[in-house]
Amino acid sequence: YQALFNDLSAWTFSHNDWVDGVPAFAQEPNSFSQDPLFVSPVLAGPPKGYQVQPLSPVIDAGTVVNPAVADDFSGISRSDDAAPDIGAFEFLADGVMVQLKAFLQGPFDADGDSMTTELIDADLLPHESPFAGDPVSLTAFPNDSTDCVDWVLVELRDENTRAVLTNQSGFVLKNGSIITADGWQAFVFDGVADGSYVLSVKSRNHLDIMSRLAVALNHAAMTSYDFSTTSDQGFGTNSQIQLDAHVWGLIAGDSNQDGYLTTQDYVLWYNDQQNSVSGYVDTDLDGDGIVDILDFQLWQSNAREGY
């Protein structure tokens, strides 16, 4: 048995995620090398850190062996799964899942079709969410922290009444992707039944955006919704502003978050500008940490259009 154990040619290695690259002895179609997207892996840390996120490539990438492994590390049954997950844990969503993308006009940089990250670069982005609906407080930013532009609030709304059913704080990254406060690349709304829901993204100083139609969501498969592709992705007339040839985004200027661009927003800007206010403040529309004429110009241009 010792000789057989040491002879790699006697073994077949398949259906595995080799994070550092697939070795020569395991080159077969069902193995790959990708980030498994563990939740929070820590060497010698708690096992639950090695659970996977909704978009992990190891989900449904395994195969049934004989004798079968009946349960995963936490006791979830694998016996009825024709394509189990690779790793110690099966991914099992308790609610609907969605992946979102949106751009903010203020910090948008047309040269690279991305947004600036001046707030986090200058250590001005707070560890606490500014949204009372989900007041998350972090000890550290998620793994993509260098790409975080600002906090946003993702809302799930009723298909008919558009009333908010649940929400989660998260971050919009410079490429428009929206991640959870934990750094997940998709949102899981626990306890929410499969069905159609209106999606909404709220910013602290831009007009909110809602999906034009209800979107079908479920717990078994990922749904993606990209607000930035066309103006029709948003609900209502002129719900977004064109930022580049094929990019649309949330409209800057609603510093008091009342859903309108009015002189009340201007008064807030004027007072902060007169007092040389800087830092993480709602009147800083372009996200550079300074309240100045550039922020006024954004508000003025959009207010004249009657957004």
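How do the residues of the lining of the second largest cavity divide into nonpolar, polar and charged? I found five nonpolar, three polar and two charged. Here Ala, Val, Leu, Ile, Met, Phe, Trp, Tyr, Cys and Pro count as nonpolar, Asp, Glu, Lys and Arg as charged, and the others, Gly among them, as polar.

Basis. I worked from a predicted model, in which local features need pLDDT of at least 70 and side-chain atom pairs count only at pLDDT 80 or more, while totals for chains, interfaces and linings use all residues. Residues are numbered from 1 along each chain as its sequence is written, and side-chain values use heavy atoms, with hydrogens and water left out.

Cavities. I took a cavity as a set of points, on a 1 Å grid over the protein atoms alone, where a 1.4 Å probe fits but cannot get out; lining residues have an atom within 4 Å of a point. Grid points are joined across faces, edges and corners, and a volume is the space filled by probe spheres set on the points. I noted two cavities of 30 Å³ or more.

Second largest cavity. I recorded a volume of about 50 Å³. Its lining includes Gly253, Tyr266, Trp269, Asp295 and Trp299. Helix 3 (263-274) and helix 4 (293-304) each give two or more residues to this lining; helices are DSSP runs of H or I, at least four residues, and strands are runs of E, at least two, numbered from the N terminus.

Largest cavity. I recorded about 70 Å³ of space. Of its 15 lining residues, Pro107, Leu119, Asp150, Arg204 and Gly287 lie nearest the centre.

How values were computed:
On a 1 Å grid over the protein atoms alone, a cavity is a set of points where a 1.4 Å probe fits but cannot get out, and a pocket is an open set with protein on both sides within 12 Å along at least five of seven lines; lining residues have an atom within 4 Å of a point.
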